[in-house]
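User: Please take a close look at one helix pair in this model. I want the geometry, the contact residues and the setting in the chain.

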Amino acid sequence: MLQKLGLITFIAAFGLFLGTLSMNNYTLTNEVLEKNLKDEALFDAKIEFASIIDQPYTNSFAFASEVSKGIEALNKVYNAQQAWDKKIYEDTIVSIIKASSNGYLSDNKSLILFLTFGLSIIGALLYFLPSIKQEAGIKNNGIFFNPATNRKWLGMLIGTFLILFYIALYFKPQYIANWIMVVDPVSKFINGGEASRWFMYGFLYTISVLVMGIRYIIKYRHSKYQIIRTLSIIFFQTCIAFILPEIMSNLNLPSADLKNMWPLDYSFFFNYRIDKLITGGTFGIFLLVWGIVLFVVGVPVMTYFFGKRWYCSWVCGCGGLAETLGDPFRQLSDKSTKAWKIERYLIHGILAFAIIMTIGVLYTYFTGSYNLLGFIPTEWLKSTYGFMIGSIFSGVVGTGFYPLMGSRVWCRFGCPLAAYLGIIQRFKSRFRITTNGGQCISCGNCSTYCEMGIDVRAYAQKGQDIVRSSCVGCGVCSAVCPRGVLNLENAETGTRIMLAPEVLLGNLMEK
Ligand code: SF4
Ligand code: SF4
């Protein structure tokens, strides 16, 4: 009963959230242009938009498309003139649309925030909380018959929504300006200003990790490892990734997500970011040094002691979303050796691309030359990486494909930091999953629920330690094993069993 109520509340709140896209009217005025454009472009914009100034619009898509068309025309001219200081970017278009809005949403943002986000959270919690009465752990209760979790119509629908959402967020945020407006009250409360698309995304992301994190803790409450790990993910997402950067910018300090590092944070060495940090005083220099120390010293040392799990399953935001929002889809990861092969080529290829791109960017920064080795344009490297990997792969595919390819598509096939961590984990780490082969009943739970597509059972049956570069140490294989076969351990590197041709039985295991 409670679950039904929760589901209905969630669907109604989500429907209203979608409906907010058509909840306003719009009028572009000269004051709006003056407020949002710099002098260089303002004059041109007033001429370009002369025909729609003071014209009321009732359709948000028509208005957003009209404004975008005008801005595109202006940008085309500025590109041809190489007048980069005049160029108008997506975030400015969003601000123009928000400032042109009037109507029910604009007048009742707090109410709409409660009716959409507030009720979605309440509905989701009402849906998840009753499962605390059920036995903890995995149930295998029709997961491959559920249309949401077996690539059927509901999964396709969720995937399509996520893909479209990411495309709009990265490339056409003007069409979702009303969704951004809904979280204005939260933004005003935290930083005193209106919400940007990245604030809205950060808020949505944090809420998803929080709510789905509660679901995850209820589900795996029999495992202390899973409880503490999920609390860690929630803490890093909420406090370090979402709130702390807002506080930093409130204090007029350079802001940064302290746990995000190169090469995942691929723009860390871009000229505008280095300049901002260098000119940001002592705190800016601290952030620059912190960012470098983290990947040069932090990654090898921590991965040596704990494996890549210290980052991928305890700290990282991408991993955090995959573990919480993506948990219902973890069984969809491809376990075939073909997928394993593609994974190795792709992820290490992207790491190589990130390194070359960064060398190019730094080369340009220090020499002023725009061509690496005299013929590779660094701007091209930057924009290609940003578009293909930073936006399409990590966002659109990375999350949009949860219901199609499992929860760790990005971490498994695309993340350059995961590749770097994985190389250390594979060759120089104390981490391994030990397997007590004699106890294995070949139920296959471990392989089914491994989000990284590792055929855990095959190792368990051979009594072989799992020493795989891709293992993120989520511990779910161990949590779902009915026989206690699998243990996540840290011990001397030389004691890892890399090859075990025979089945090793319990206490007879020799290491
Ligand atoms: S092998 Fe186990 S710990 Fe490693 S990623 Fe798979 S489920 Fe997680
Ligand atoms: S290791 Fe555990 S979960 Fe995996 S097949 Fe064996 S008994 Fe099942």
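Analyst: The pair comes first, then the chain around it.

This is a predicted model: local features need pLDDT of at least 70, side-chain atom pairs count only at pLDDT 80 or more, and totals for chains, interfaces and linings use all residues. Residues are numbered from 1 along each chain as its sequence is written, and side-chain values use heavy atoms, with hydrogens and water left out.

Two packed helices are described by the angle between their axes and the distance between the axes. Here the pair is helix 4 (residues 60-81) and helix 5 (residues 90-99). Helices are DSSP runs of H or I with at least four residues, numbered from the N terminus. The two axes come within 11 Å and cross at roughly 135 degrees. Axes are lines fitted to C-alpha atoms over the stretch in contact, and angles run from 0 to 180 degrees between N-to-C directions. Helix 4 and helix 5 are therefore oblique to each other. Oblique is what remains after under 35 degrees (roughly parallel), over 145 (roughly antiparallel) and 65 to 115 (roughly perpendicular).

Now the contact, meaning heavy atoms within 4.5 Å. Helix 4 brings Phe 63, Ala 64, Val 67 and Ile 71. Helix 5 answers with Ile 93, Ile 96 and Ile 97. The contact residues divide into seven nonpolar, no polar and no charged. Ala, Val, Leu, Ile, Met, Phe, Trp, Tyr, Cys and Pro count as nonpolar, Asp, Glu, Lys and Arg as charged, and the others, Gly among them, as polar.

Next, the setting. The chain has 24 helices and seven strands, a strand being a DSSP run of E with at least two residues. Its C-alpha trace spans about 85 × 65 × 40 Å along the principal axes. Of the 511 residues, 50% count as buried, that is, under 20% relative accessible area with a 1.4 Å probe, protein chains only.

Conventions: Chains are lettered from A and ligands numbered from 1 in the order in which they are written.
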